[in-house]
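Here is a briefing on one protein model. Please look over the sequence and the 3D view before reading the points below.

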Amino acid sequence: MASVSEIAPDLYRISVYAAGANLQFNHFLVKDDEPLLFHTGLRGMFPEVREAVATLIEPSRLRSISFSHFESDECGALNEWLAVAPHAEVVCSDLGAMVSVNDFIGRPARGLEDGAAFSTGKYRFRFCRTPHLPQGWDAGALFEETRQTLLCSDLFHQTGDVEPLTESDVVGRSHQAMREYQAGILAEYVPYTPLTSQNLRKLAELKPRTLAIMHGSSFKGDGVRALQDLDAAFRDVFGRAGST
Ligand SMILES: [Fe+2]
Ligand SMILES: [Fe+2]
């Protein structure tokens, strides 16, 4: 069974630990008038994640299903979720809708342009387009403006079965994890491009106070500083000539 923790008011982290990969897969449910799920999870994890969501809301009540970029752990179970929540809208970048998602789900997704906002009731979300960060042309992040929470997908990736929320350094852990990945098949996790620092600065301008992180502990504290430090860590790990 997935473990469920409320990491900010009405924001639930549903965590599945994959021991083989020594990695958590975290899905976030916003409990509001129109509930939102951020990250569907892998298709293979769907029964477990659905069971955990059902402890919080009736899954058919989901109204929005969103994610950062088109990759299996972020959105592989989209069609399974749409089968149990037929009134839910799939919310992603306008580019993602056009190039992958509309075809994948067989109906139009709600494609958001950079800066577009929508409400789930008490909470208001803004879409921030971040091409190729963490990866994928279509990538973006969702920022919840009321509580200043950034749903930041693969950014700040950490390994291990770690605590749901921490106020201590997550960048050091993430830096270490990315350094270790460079030695194996998961090398070059984040494409380091001329857009990388620009995208991170754009996210820092939102002044997040909580970072809802897909792999590893979420973070509460100075989100601006964490994003600046992550930029330095990326430069260190990915901003050099490749080894291949
Ligand atoms: Fe990803
Ligand atoms: Fe991921």
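Buried means under 20% relative accessible area, exposed over 50%, and partly exposed in between (1.4 Å probe, protein chains only). Helices (H or I, at least four residues) and strands (E, at least two) are DSSP runs, numbered from the N terminus. The model is predicted: local features need pLDDT of at least 70, side-chain atom pairs count only at pLDDT 80 or more, and totals for chains, interfaces and linings use all residues. Residues are numbered from 1 along each chain as its sequence is written, chains are lettered from A and ligands numbered from 1 in the order in which they are written, and side-chain values use heavy atoms, with hydrogens and water left out.

**Helix faces**
- Helix H6 (residues 196-204) has these buried residues: Thr196, Ser197, Asn199, Leu200, Leu203 and Ala204.
- They span an arc of only 160 degrees around the axis, which puts them on the same side of H6. The arc is that of the directions from the helix axis to the C-beta atoms.
- The buried residues of H6 pack against E9, E10, strand E11 (149-151) and helix H7 (223-238). Contact means heavy atoms within 4.5 Å.
- In helix H1 (residues 46-54), the buried residues are Phe46, Val49, Ala52 and Val53.
- Those of H1 fall within an arc of 135 degrees, so they line one face of the helix.

**Iron site**
- Asp73 (OD), Glu74 (OE), Asp154 (OD), Met214 (SD) and His215 (NE2) coordinate the iron ion (ligand 2) at 2.1 to 2.7 Å. Donors are N, O and S atoms within 2.8 Å of the metal (3.2 Å for Na, K and Ca); water is not among the atoms, so sites may look incomplete.
- Asp154 bridges the iron ion (ligand 2) and the iron ion (ligand 1), which lie 3.6 Å apart.
- Both Glu74 and Met214 are buried.

**Salt bridges**
- The whole structure holds eleven salt bridges. Each is a side-chain nitrogen of Lys or Arg within 4 Å of a carboxyl oxygen of Asp or Glu.
- Lys202 and Asp114 pair at 3.0 Å, N to O. Lys202 lies in helix H6 and Asp114 in the loop between strand E7 (110-112) and strand E8 (117-119), so the pair ties together parts 88 residues apart in sequence.
- Lys202 is partly exposed at 25% relative accessible area; Asp114 is partly exposed at 41%.
- Asp236 forms a salt bridge with Arg179, with the closest N and O atoms 3.6 Å apart.
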